[in-house]
Amino acid sequence: MRIVLHERWKCIGCGACAAVAPDFWEMSDDGYADLKDCEREEVEEGVKETRKLKKEEEDENQNAADSCPAECIHVKDED
Ligand code: SF4
């Protein structure tokens with residue numbers, strides 16, 4: 001199973017992810033991105049958001065990862 005992971009504490013609020021992958025990403029009222037329908041976890045650095053991906057959902061999220069200047073979106077294998 002592949003997942004998408006957002007290290008939200010690194011987000012600079014540029015809006016690129018929400019522009020290229022609006023089915024999965026949206027901008028929050030605080031100016032930073034949120035991964036829709038995700039699991040949120042408080043870790044030492046800040047908020048970590050994760051969501052399991054179906055095969056057909058990987059490309060759109062990889063596009064979001066590739067467009068992120070802060071490199072805080074990662075499509076990866078589930079731990
Ligand atoms: S592309 Fe990256 S830095 Fe820009 S809003 Fe999305 S998560 Fe934040």
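Residues are numbered from 1 along each chain as its sequence is written. Because the model is predicted, local features need pLDDT of at least 70 and side-chain atom pairs count only at pLDDT 80 or more, while totals for chains, interfaces and linings use all residues.

User: In what order do the four strands form the open sheet?

Analyst: Strands (E, at least two residues) and helices (H or I, at least four) are DSSP runs, numbered from the N terminus. Two strands pair if DSSP finds at least two bridges between them. The pairing in this open sheet is antiparallel, and the order of the strands is 4-5-1-6.

User: What is the average twist from one strand to the next?

Analyst: Angles run from 0 to 180 degrees between N-to-C directions, and axes are lines fitted to C-alpha atoms, for helices over the stretch in contact. From one strand to the next, the twist averages 25°.

User: How many bridges join strand 4 to strand 5, and which residue stands opposite Glu41?

Analyst: Strand 4 and strand 5 (residues 47-53) run antiparallel and are joined by four bridges. Within strand 5, Val47 stands opposite Glu42. The residue opposite Glu41 is Lys48.

User: Over how many bridges does strand 1 pair with strand 5, and over how many with strand 6?

Analyst: Strand 1 pairs with strand 5 in the antiparallel sense over six bridges, and Val4 stands opposite Arg51 of strand 5. On strand 6, His74 is the bridge partner of Leu5. The antiparallel pairing of strand 1 with strand 6 has five bridges.

User: Which strands does helix 2 touch, and what angle does its direction make with that of strand 6?

Analyst: Two residues are in contact if their C-beta atoms, placed from the backbone, lie within 7 Å. Helix 2 (residues 58-67) packs on the sheet and touches strand 1 (2-7), strand 5 and strand 6. The angle between the directions of helix 2 and strand 6 is about 140°.

User: Which residues of the largest nonpolar core touch the most other members?

Analyst: A nonpolar core is a set of buried Ala, Val, Leu, Ile, Met, Phe, Trp, Tyr and Cys residues joined through C-beta atoms within 7 Å. A residue is buried if 20 or more other C-beta atoms lie within 10 Å of its own, exposed if 12 or fewer, and partly exposed in between, with C-beta atoms placed from the backbone. Among the 15 residues of this core, those touching the most other members are Cys17, Trp25, Ala64 and Ile73.

User: Which elements each supply at least two residues of this core?

Analyst: One member of the core, Cys17, is in contact with Trp25, Ala33, Ala64, Ser67, Cys68 and Ile73, leaving aside neighbours within four places in sequence. The elements that each supply at least two core residues are strand 1, strand 3 (33-35) and helix 2.

User: How many residues surround the ligand, and which are the closest?

Analyst: A residue is near a molecule if its C-beta atom, placed from the backbone, lies within 6 Å of it. The ligand is surrounded by 14 residues. The closest are Cys11, Cys14, Cys17, Ala33 and Cys68.

User: How many residues of each class does the shell around the ligand have?

Analyst: Ala, Val, Leu, Ile, Met, Phe, Trp, Tyr, Cys and Pro count as nonpolar, Asp, Glu, Lys and Arg as charged, and the others, Gly among them, as polar. By these classes, the shell has no charged residues, three polar and 11 nonpolar.

User: Is Ser28 buried or exposed?

Analyst: Ser28 lies in the loop between strand 2 (25-27) and strand 3. Not counting residues up to four places away in sequence, Ser28 touches Ala33 and Asp34. Because 12 other C-beta atoms lie within 10 Å, Ser28 is exposed.

User: What is the C-alpha separation of Cys72 and Leu5?

Analyst: Cys72 is in the loop between helix 2 and strand 6, and with 19 C-beta neighbours inside 10 Å it counts as partly exposed. Cys72 and Leu5 are 67 residues apart along the chain, and their C-alpha atoms are separated by 7.9 Å.
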